[in-house]
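Look at the structure first, then read on.

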Amino acid sequence: MKILVPVKRVIDANIRVRVKDDHSGVETANIKMAINPFCEIAVEEALRLKEAGNAEEIIVASVGPAKCVETIRNGLAMGADRGIHVLCDASPEPLALAKILKQIVERESAGLVLLGKQSIDDDNNQTGQMLAALLGWPLGSYISSIAVNDGGFEIIREIDSGLEKLQLTAPAVMTADLRLNEPRYASLPNIMQAKRKPIEELTPDDLGVDITPRVQTLEVHEPPVRKAGVMVSGASELVDKLKNEAKVI
């Protein structure tokens, strides 16, 4: 079984994001970038499946500008076998991205697509679901456990009321949640080896996918500054404020 793991280059999770002065987006110039944390969890889980003898090859793929190669190298340094870089000026919208991934899945004959549940920049949480629909494959979202069995995959996913156990037939698409695993650190020898691992470069045109944006960002603003709390003398004053000022009761 081949496992395809899409990875995205995002602003490092430890960096404070700043909105541009013209409110056209967030500042990315001279900002530390990193692999999306949920994508890193997906890479780790793919490696564990391979180490358990359930996969023969792991392919990491990224769609975006030239610097996305760094993100692919990150996945290769963790232990993935090879990479695919679909070169374009910016990361496409979820539907276009799902169409690109569909073409890669069919080219590579992958048996499992394991991706992060969402990216921490756009927070769309749409690509995995759209990809599963385009492929006609079963979807396991927000997964916190994967076990391979004769019928496919037994997964545990997190829902509002607790944990849900499902059986998925192979091939399948899965989106990794935070509690699926703890990603490993890439060792220095693996980082050096990653520089020699192959990365195939493609374009959306090579895959026959139109990535023309269909959504326009009008403005981006920082959230309003949180107001200081107010001390109340008792329950009656609290109820009065909730009713007449906050208007929540």
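Q: Which residues of H4 meet H3?
A: This is a predicted model, in which local features need pLDDT of at least 70, side-chain atom pairs count only at pLDDT 80 or more, and totals for chains, interfaces and linings use all residues. Residues are numbered from 1 along each chain as its sequence is written, and side-chain values use heavy atoms, with hydrogens and water left out. Contact means heavy atoms within 4.5 Å, and helices (H or I, at least four residues) and strands (E, at least two) are DSSP runs numbered from the N terminus. On the H3 side are Pro94, Leu95, Leu97, Ala98, Lys99, Leu101, Lys102 and Val105, and they meet, in H4, Thr127, Met130, Leu131, Leu134 and Leu135.

Q: How many residues of the contact of H3 with H4 are nonpolar?
A: Ala, Val, Leu, Ile, Met, Phe, Trp, Tyr, Cys and Pro count as nonpolar, Asp, Glu, Lys and Arg as charged, and the others, Gly among them, as polar. The contact has 1 polar and 2 charged residues, and the nonpolar ones number 10.

Q: Are H3 and H4 parallel or oblique to each other?
A: Axes are lines fitted to C-alpha atoms, for helices over the stretch in contact, and angles run from 0 to 180 degrees between N-to-C directions. The axes of H3 (residues 94–108) and H4 (residues 127–135) come within 8 Å and cross at roughly 50°. Angles under 35 degrees count as roughly parallel, over 145 as roughly antiparallel, 65 to 115 as roughly perpendicular and the rest as oblique. H3 and H4 are therefore oblique.

Q: Is Gly111 buried or exposed?
A: Gly111 is found in the loop between H3 and S6. Buried means under 20% relative accessible area, exposed over 50%, partly exposed in between (1.4 Å probe, protein chains only). Because its relative accessible area is 17%, Gly111 is buried.

Q: What percentage of the residues in the chain is buried?
A: The chain comes to 6 helices and 11 strands. Of its 249 residues, the buried ones make up 41%.
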